[in-house]
Amino acid sequence: MARQFPNQQIEWRLRKEKIAKILMQLSGILITGSLFFIVGTILYKGLPYLSWEMISQAPQGGFYLGKGGGILNAILGSLYLALASTGIATLVGIPISLYLNLYVPKNSFTARSAKLLFDVLFGIPSIVYGAIAFSIMIWLGIRASLLGGIITITLLTIPIVVRTIDELLKTVPIDLTQVTFSLGATRWEAARVVLKYIRPGIFTAILLAFGRAIGDVAGVLLTTGFSDNMPKYIDEPAATLPLAIFFQLSSPIPEVQGRAYASALVLTFIILFIVLCTHLLAAKQKKHKL
Amino acid sequence: MHTLTSSETKETQALIDTAVKPLIQIKDLNVHIEGKQILKNVSLDIPNNSITSIIGPSGCGKTTLLKTLNRLLDDSKEVQVSGSVLVDGDDIYGRDAEVTHIRKKMGLLSQKPFPLPMSIYDNIVYGPRIHGERDKNKLKQIAETQLRNVGLWDEVKDRLHTSATRLSIGQQQRLCLARGLAVQPEIILGDESTSALDPISTQTIENLLIDLKKDYTIVLVTHILRQARRVSDYILFVYQGEVVEFGKTEDILLNPQQELTKQYVKGFIS
């Protein structure tokens, strides 16, 4: 005979259910609210200063004192920097994760120590990457340049790609590799099927890396420098959007401060655009997903 | 525990005297996974062009034995294998054994159907493609032949290029069988291949396997005795990693020689 459970327990359980739900909704509202507040502030303060001139021209003399010109140099500098380093980090990072998951036994010393290492690298702040890259550049006699920035930001984004892809690979059912192996596939051929399986997620990994790359200040501060010229050569200093925002925001002139918010708006739009592209691409890839 | 004496082994071997050299010969096979012994001194000749069912309680080593045959096992975990498995006279655990080639000889039909994340057509021709077939007409031919082989052609011919994952689970399992057959294996290994299927799909797969045995040597793992009785010519009873008894289906089910087999068949141990 089943014993009767105490009756009041169900009420307490339902109350807990209610409390949990309210807490979740509260944190949701808090986060969405602050996001709207941030975007709202940028729009309110920046939109009046956003002009075609602003995004189509390099700064003219005295731009940071409120005279004419724009931030095209910083937009391009940031795009070059983020695209190049995200691209390289993806090309290097995906093979690393595939190797650690498909080629090396999962519990081996190599796999475990490599994953630990990437966890640590993932958490190191970008100023440390910047400082190390800077000291190497001094040692090699290279001055602050777009190239220096690309190398630093690539090093910063590789752990992001590796860790994200690694998490994705953990979701791949063991059946998938077993099926491909049982058809006589080599590891590389199996890896290609696995890549196909996780492709929608790869876009997320790239997006995360890109977001980190385009928004980073500390890593580029020492290694890329800043310039009012358009980024034409890879061995010359280049402007980046976050630094441009920083410089404009530290000005006492209201006009220049307004432009800082307009620059932030441009940066936000770039990221929004990349996010939308990623979602579209990922949705397109989903058709063979289980 | 209950190992066969040498005279008994001879008796069983006499039963399966197929005159031709058997395709799969297992000798003194021992398998340890992460230090634990899973298979103990398994020796066995699997007869050609017939269906051999491996039966036994859960955890007895049935699946391990099956996966030892196409070397899928030494891939995932810390596995030590000693002894030999001869396929076509070549030891697949020998020093110069080439794993992809061995696996190509054996089609695996796993527990749950698992279509590759691509279209129906690409699933079938995946094997031939990686083994170097580039001719589009030949690939089309292979796809049609194999889909007809498993009775799926009429059901899918109009949607060959849609995702394989949209098929019903029974259709998916037939697709997986066709995909395995497309690499022209000599052996079909089935790992409880019908356990996820409804009775009608199960029957379809069983009938297919019975048809296929004229061209292939088939080894199935099953925990359903009735299925073993329906499809197999030979039954191998494994208990706690050891071969207890091997013989013709009716002998094992109706007239088992070993006490353990008797108990298992009657349902006293499971």
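## Packing of H3 and H8 in chain A

In this predicted model, helix H3 of chain A, which spans residues 72-103, packs with H8(A) at an angle of about 145°, and the axes of the two helices are 9 Å apart. The crossing that H3(A) and H8(A) make is right-handed.

On the H3(A) side, the residues that meet H8(A) include Ser78(A), Leu81(A), Ala82(A), Ser85(A) and Thr86(A), as well as Leu98(A), Leu102(A) and Tyr103(A). Among their counterparts in H8(A) are Arg187(A), Ala190(A), Val194(A), Ile206(A), Phe210(A) and Ile214(A). Sorted by class, the contact of H3(A) with H8(A) has 14 nonpolar, 4 polar and 1 charged residues.

The loop between H8 and helix H9 (218-223) of chain A holds Asp216(A). Is Asp216(A) buried or exposed? Asp216(A) counts as buried because 27 other C-beta atoms lie within 10 Å, where 20 or more are required.

Once its neighbours within four places in sequence are left aside, Asp216(A) is in contact with Ser126(A), Ile153(A), Leu156(A) and Pro242(A).

## Domains and annotated spans of chain A

The domain assignment divides chain A into domain 1 (8-49) and domain 2 (53-288), and the C-alpha centres of these two domains lie 29 Å apart. Where the domains of chain A touch, 8 residues of domain 1 are in contact with 7 residues of domain 2, and the residues on the domain 1 side divide into 6 nonpolar, 1 polar and 1 charged.

An unreviewed UniProt entry lists residues 75-282 of chain A as "domain: ABC transmembrane type-1". In the model, that span is 80% helix and 0% strand, with its end C-alpha atoms 26 Å apart. The annotation "transmembrane region", also from an unreviewed UniProt entry, covers several spans of chain A, including 22-44, 116-140 and 202-222. Residues 22-44 of chain A are 100% helix and 0% strand, and their end C-alpha atoms are 32 Å apart, whereas residues 116-140 of chain A are 92% helix and 0% strand, with end C-alpha atoms that lie 30 Å apart.

## Contact between chains A and B

How many residues does each chain bring to the contact? Chain A supplies 19 residues and chain B supplies 22 residues. On the side of chain A that touches chain B, helix H7 (174-182) and helix H8 (187-215) each supply at least two residues, and H7(A) gives the most, with 7 residues. By class, this side of chain A has 9 nonpolar, 5 polar and 5 charged residues.

## Helix H5 of chain B

Helix H5 of chain B, made up of residues 120-130, is largely enclosed by the rest of the structure, because 9 of its 11 residues are buried. Among the buried residues of H5(B) are Ile120(B), Asp122(B), Asn123(B), Tyr126(B), Pro128(B) and Ile130(B).

Which helices do the buried residues of H5(B) pack against? Within chain B, they pack against helix H6 (136-149), helix H7 (153-156) and helix H8 (169-181), and they also pack against H8 of chain A. H5(B) is followed by Gly132(B), a residue whose phi is positive, near 105°.

Key: Residues are numbered from 1 along each chain as its sequence is written. Chains are lettered from A and ligands numbered from 1 in the order in which they are written. This is a predicted model: local features need pLDDT of at least 70, side-chain atom pairs count only at pLDDT 80 or more; totals for chains, interfaces and linings use all residues. Two residues are in contact if their C-beta atoms, placed from the backbone, lie within 7 Å. Helices (H or I, at least four residues) and strands (E, at least two) are DSSP runs, numbered from the N terminus. Ala, Val, Leu, Ile, Met, Phe, Trp, Tyr, Cys and Pro count as nonpolar, Asp, Glu, Lys and Arg as charged, and the others, Gly among them, as polar. Axes are lines fitted to C-alpha atoms, for helices over the stretch in contact, and angles run from 0 to 180 degrees between N-to-C directions. A crossing is left-handed if the near helix is turned anticlockwise from the far one by less than a right angle, and right-handed if clockwise. UniProt positions are given in the numbering used here, feature names are shortened, and annotations may be inferred rather than shown by experiment. Domain bounds come from an automatic or database domain assignment. A residue is buried if 20 or more other C-beta atoms lie within 10 Å of its own, exposed if 12 or fewer, and partly exposed in between; C-beta atoms are placed from the backbone.
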